[in-house]
Amino acid sequence: MKKLVLLGGGYGGMRILHRLLPNQLPSDVEITLIDKNPYHCLKTEYYALAAGTISDQHVRVSFPEHEQLKSVFGEVIGIDREQKLVHLKNEESIPYDDLVIGLGCEDKYHNVPGADQYTYSIQTIDSSRETYQILNNLGCGATVCIVGAGLSGVELASELRESRSDIQIKLFDRGKVILSSFPERLSQYVQNWFEEHGVEVINGANITKVEPNIVYNHDQPVECDVVVWTAGIQPNRVVREMDVEKDAQGRVVLTKHHHLPTDDHIFVVGDCASLPHAPSAQLAEAQAEQIVQVLVKRWNNEPLPEEFPPFKLKGVLGSLGKKAGFGVLGERALTGRVPRLLKSGVLWMYKYHNG
C-alpha cells in the first residue's frame, strides 16, 4: 500500500479528504491523518468561542470515516525527509510515501517583550477555550485590551461587546484607520460601529512591551485586566525549523504543483505555504483542490497539469456581533445585515456539507 500522510486536519487537509474519499482514492493507497484533536475545528469561529457567544461543540466537525483512512491523534514534533518519517511526541513515528503538511500557524509576537508570556490567544481551540474562561470570569467594569485590529481582532472585539456589555474594550490598531486594506466606506462603517457600541479604537498604535495587566503603547503604560493578542501569525514551529527555502514571512516556497522544489513527495498546504494571497480558509481549500489533482494523476501514471489557473477567491466576510457585518465580494463592499447573513449561510453550508 502507498502511504499518503496528512499533517493537520484543517481546511486544506479536510478538503483533500473530501475530494479523495470515497471515490477518487485508488485501492492501493492508504491515508493517515495526524491531528492533535479528534475532530476538524472551525478556526474562523474561534473569536466567538473565546467571547462566549457560541458553544465549544459549534466549532467542531467530525472527520470523514473510510476503510482506507486511519486517524492518529498526537503532536507532530519533526519530519525526517531522508527516512520519510513523521515524528510524534510520545508516539511511534509514521512512515510516508507522500506527505501533505498542513500544520497551520501560530501567533507572531514581533519580538515584543512579554507578549508571549502575558497575553491570551485565539489561534488554537485550546487557547480559545482558555481565553473564554478568562474573559467570561472578569468582573463588571474590567478592561480588556485587544492587540491587533485585523479581521480576528475586529470580530473578537465586536463579539465580546455583545457578550459582555459591562466591560471596557480597547482595540489597538497600527493603521491610521481601522481595516485600512479594505475600501474606505467599509473601514468607516466598522469604525462607526465601534464608536456606537462603546469599543475604544486606538489607531496608530505601537505596542512596545507587555507586562502583567499592562500594555505599553509607544512606551506609555495602559492598565487592563486581560490582553488578547491578534497581531500577526507565523508558520507552525515544525515548518519554521525545516531546512527548506522560505519567503520573507517564513512560509515555504513551492513549485507550481505545490510540493518542495527539492522533494516532489512533500506538499505544503494553507498557512505554511508561500502563495500570492494572504492566508485564509478558502485559499487553503483552493490549493488543496490542486494538490488532489496532482496526487490522483500521479497515482494513475498520467501527466501532471502544465499550469493551474490562478486561485479565484470569492472575497472576505466579517461579523460585527450577530446582527451586523462587513465584506468585500469581488469589487463590491458590503456592510450591514446582508454580509452577516451571508457569513452565517457560508458557515452553515460548510458545517453540514462536511459534517
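Modeller: Here is a place to start: Pro 261, setting aside its neighbours within four places in sequence, is in contact with Val 253, Leu 254 and Thr 255. Keep in mind that this is a predicted model.

Biologist: What makes Val 253 a contact of Pro 261?

Modeller: Contact means heavy atoms within 4.5 Å, and Val 253 is on the list for Pro 261.

Biologist: Why is Pro 261 called exposed?

Modeller: The relative accessibility of Pro 261 is 51% and exposed means over 50%, so Pro 261 counts as exposed. Pro 261 lies in the loop between strand S19 (259–260) and strand S20 (263–268).

Biologist: Where is Asn 90, and what is its phi?

Modeller: Asn 90 is in the loop between strand S7 (85–88) and strand S8 (94–95). Phi of Asn 90 is positive too, near 60°. With a relative accessible area of 72% against a cut-off of over 50%, Asn 90 is therefore exposed.

Biologist: Which residues does a cis peptide bond join?

Modeller: Leu 21 and Pro 22, with omega at about 5°. Most peptide bonds are trans. Pro 22 is found in the loop between helix H1 (11–20) and strand S2 (29–35).

Biologist: Now Arg 340. How do you know that Arg 340 has no salt bridge?

Modeller: The nearest side chain of opposite charge to Arg 340 is Glu 159, 5.0 Å away. A salt bridge needs a side-chain nitrogen within 4 Å of a carboxyl oxygen, so Arg 340 has none, and Arg 340 is buried.

Biologist: What is around Arg 340?

Modeller: Arg 340 belongs to helix H9 (residues 337–354). Beyond its neighbours within four places in sequence, its contacts include Tyr 47, Ser 319 and Lys 322.

Biologist: Is Arg 332 buried or exposed?

Modeller: Exposed: the relative accessible area of Arg 332 is 59%, and the cut-off is over 50%. Arg 332 is in strand S23 (residues 332–336). The C-alpha atoms of Arg 332 and Asn 203 are separated by 25 Å, and the two are 129 residues apart along the chain.

Biologist: Let's step back to the whole protein. How do you know that its radius of gyration agrees with a compact globule?

Modeller: For 355 residues, a compact globule would have a radius of gyration near 20 Å, and the protein has 21 Å, so the two agree. The C-alpha trace spans about 60 × 40 × 35 Å along its principal axes.

Biologist: How many helices and strands are there, and what share of residues is buried?

Modeller: The protein has nine helices and 23 strands, and 52% of its 355 residues are buried. Among contacts with a separation of 6 or more, 67% are between residues 24 or more positions apart.

Notes: Residues are numbered from 1 along each chain as its sequence is written. This is a predicted model: local features need pLDDT of at least 70, side-chain atom pairs count only at pLDDT 80 or more; totals for chains, interfaces and linings use all residues. Side-chain values use heavy atoms; hydrogens and water are left out. Helices (H or I, at least four residues) and strands (E, at least two) are DSSP runs, numbered from the N terminus. The radius of gyration is taken over C-alpha atoms; the globule rule is 2.2 Å times the number of residues to the power 0.38. Buried means under 20% relative accessible area, exposed over 50%, partly exposed in between (1.4 Å probe, protein chains only). Lys and Arg count as positive and Asp and Glu as negative; His and the chain ends are not counted.
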